[in-house]
Amino acid sequence: MKPWQKLLHWFDREGRKLPWRNTRDPYRILVSEIMLQQTQVTRVIDFYRAWMKRFPTWNALAKATNAEIIHAWAGLGYNRRGLALRDIARSIVTNGIPKTRNEWLTLKGIGPYTADALAVFSLHERHWPTDTNLRRVGGRLWLAKPYPQMSDDERIHKFADAWIPYTGRFFDLPQAAFDLATSICTKTPTCSTCPLKDDCLAAPKFLSGKVRTPKRMIKKTKEQIHPGKKYPDRIYRGRILSLVRQSESPIVISKIGALIDPTFSIIDQSWITAMIDRLIKDGLLAKSKNKLTLP
Ligand code: SF4
């Protein structure tokens, strides 16, 4: 049996049944891919279902206002993603659905990973959408690297191209590899239970017990933290947005600092103002005189 067949057999037995799988609808695929950026699968499932009920089509989403998007996205975090998704829907309603990976790539908000995912799941083209998970599986399987890095991506794509078949269910392989990456081929993999253990170049290294697990596989992006504050600015921006979203009337800007930060003092006002300006620039808030509302 070919390695990819072993992986698919394993996937059929052990793979997760997720609501955005078993579809070629690019809308459903894109919604899931954008939601899954920086948010875990288990958290996304309920949000995805609610979103599809509220905005079932490109058209429905394209008509949504910023305020409707901000309400619907509440709780997922990184709110710009919701507006970016709506903007893509508007572009698609005007110009049509892209027919190739490269056409997807021309849309603002779609990077190489998302274009690959759309091309393989929706268009059934042969791709290996290389995020952290597929990099880990591919780099171990083909390059014998226990902890592959982004600089390995080009070689991973070359090996993937030779490995992925031209027929059969090749379009299910990335989802299968994704489930393998999150259950068996994890940071410290359990190779003895892996369907690919006889084909994987890194398996002997792990099975010999000589691989040392690095403390951190990827350096976390440094988040901006204001001097003297406990959390990154991202958390305080989220609090400002929640405050305005939950309020029935506009909120006076000068009151916001004390409402979102128990340690707020007047010297923090310029920091708060800068965060509000950023939220307005991102289209997430609107300002009228000295008050804030949703746009
Ligand atoms: S054998 Fe081990 S390293 Fe290779 S793909 Fe399977 S779990 Fe990952």
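Student: Which space does the ligand take up here?
Tutor: In this predicted model, the ligand takes the space of the largest cavity.

Student: And what volume does the largest cavity have?
Tutor: The volume of the largest cavity comes to about 120 Å³. Of the 14 residues lining the largest cavity, Arg140, Cys185, Cys191, Cys194 and Cys200 are the closest to its centre.

Student: Which elements give two or more residues to that lining?
Tutor: Those elements are helix H9, covering 132-143, and helix H12, covering 203-207. H9 provides the largest share of the lining of the largest cavity, with three residues.

Student: How many cavities of 30 Å³ or more turn up in the whole structure?
Tutor: A search of the whole structure gives one cavity of 30 Å³ or more.

Student: OK, back to the ligand, which residues are around it?
Tutor: Around the ligand you find Arg140, Ile184, Cys185, Pro189 and Cys191, together with Cys194, Lys197, Cys200, Ala203 and Phe206.

Student: How does that shell split by class?
Tutor: The shell around the ligand contains eight nonpolar residues and two charged ones, with no polar residues. For the lining of the largest cavity, the classes come out as 12 nonpolar, no polar and two charged residues.

Student: Switching topic, what does the domain assignment of the chain give?
Tutor: The assignment gives domain 1 as 9-14 + 128-166 + 180-219, domain 2 as 25-121 and domain 3 as 233-293. Taken over C-alpha atoms, the centres of domain 1 and domain 3 are separated by 44 Å.

Student: From which domains does the lining of the second largest pocket draw at least three residues each?
Tutor: Domain 2 (25-121) and domain 3 (233-293) each contribute at least three residues to the lining of the second largest pocket. This second largest pocket holds about 400 Å³ of space, and among the 20 residues that line it, Gly77, Tyr78, Asn79, Arg234 and Gly238 lie nearest its centre.

Student: Which helix gives the most to that pocket's lining?
Tutor: Helix H13 gives the most to the lining of the second largest pocket, namely six residues. Both H13 (233-246) and helix H15 (269-281) supply at least two residues each to that lining.

Student: What about its classes, nonpolar, polar and charged?
Tutor: The lining of the second largest pocket is made up of six nonpolar, seven polar and seven charged residues.

Student: Last topic, in what order do the strands of the sheet come?
Tutor: The order is E1-E3-E2, in an open sheet of three strands with antiparallel pairing. Strand E1 (251-252) and strand E2 (286-288) are at the edges with a single partner strand each, so one side of each has no neighbour in the sheet.

Student: How many bridges join E2 to E3?
Tutor: Three bridges join E2 to strand E3, residues 291-293, and these two strands run antiparallel. Alanine 286, for example, has threonine 293 in E3 as its bridge partner.

How values were computed: Residues numbered from 1 in each chain as written. Predicted model: local features only at pLDDT ≥ 70, side-chain atom pairs only at ≥ 80, totals over all residues. Heavy atoms only, no water. Pairing = 2+ DSSP bridges. Helix = DSSP H or I, 4+ residues; strand = E, 2+ residues; numbered from the N terminus. Near = heavy atom within 4 Å. 1 Å grid on protein atoms, 1.4 Å probe; cavity = no way out; pocket = protein on both sides within 12 Å on 5 of 7 lines; lining within 4 Å. Sits in = over half its atoms within 2 Å of the grid points. Nonpolar A, V, L, I, M, F, W, Y, C, P; charged D, E, K, R; others polar. Domains from an automatic or database assignment. Points joined across faces, edges and corners; volume = space filled by probe spheres on them.
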